[in-house]
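Dear colleague,

Please find below the structure I am handing over to you. My notes on what was found in it follow.

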Amino acid sequence: MNSVKVLILLGAAAGISACTPVGPDKNLDRGIDSDANLSTLVAGIWVDPNGCDHWIIDDGVEGYLSERLQPDGRPVCSGVAPPTTVVGPFQSGSPVPDFL
């Protein structure tokens, strides 16, 4: 019975140790023109084929895209532009040119 308890405790300890965060901080830009924090970059709005909005940032080498959501979690479909187009200064956060 004692060996069963030891095995259970070892399994629990292994499970708890697996809960530590792994990987780099996703809030930081580590690219060629790395910025201290992604929140300082300027976002534009890309409208998907369904007419819903997404935040878009293009810093020349890397790109970031995130769906715009209302506080209740529903997507924002503002009609700010035709589908599959981008509006706003989404490339202005970087001195690296984007030739695409």
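What percentage of the contacts in the chain with a separation of 6 or more comes from residues 24 or more positions apart? The share is 48%, where a contact means heavy atoms within 4.5 Å.

Please note that this is a predicted model, in which local features need pLDDT of at least 70 and side-chain atom pairs count only at pLDDT 80 or more, while totals for chains, interfaces and linings use all residues. Residues are numbered from 1 along each chain as its sequence is written, and side-chain values use heavy atoms, with hydrogens and water left out.

The chain holds 1 helix and 4 strands, in the order α-β-β-β-β from the N terminus. These elements are DSSP runs numbered from the N terminus: H or I of at least four residues for helices, E of at least two for strands.

Of the 100 residues, 23% are buried (buried is under 20% relative accessible area, exposed over 50%, partly exposed in between; 1.4 Å probe, protein chains only).

There are 2 salt bridges, each defined as a side-chain nitrogen of Lys or Arg within 4 Å of a carboxyl oxygen of Asp or Glu. Asp-53 pairs with Arg-68, with the closest N and O atoms 3.0 Å apart. This pair links distant parts of the chain, 15 residues apart: Asp-53 lies in strand β2 (residues 53-58), and Arg-68 in the loop between β3 (63-67) and β4 (86-87). Both Asp-53 and Arg-68 are buried.

Asp-72 and Arg-74 form a salt bridge at 2.7 Å, N to O. Here Asp-72 is exposed at 52% relative accessible area, whereas Arg-74 is partly exposed at 48%.

Kind regards
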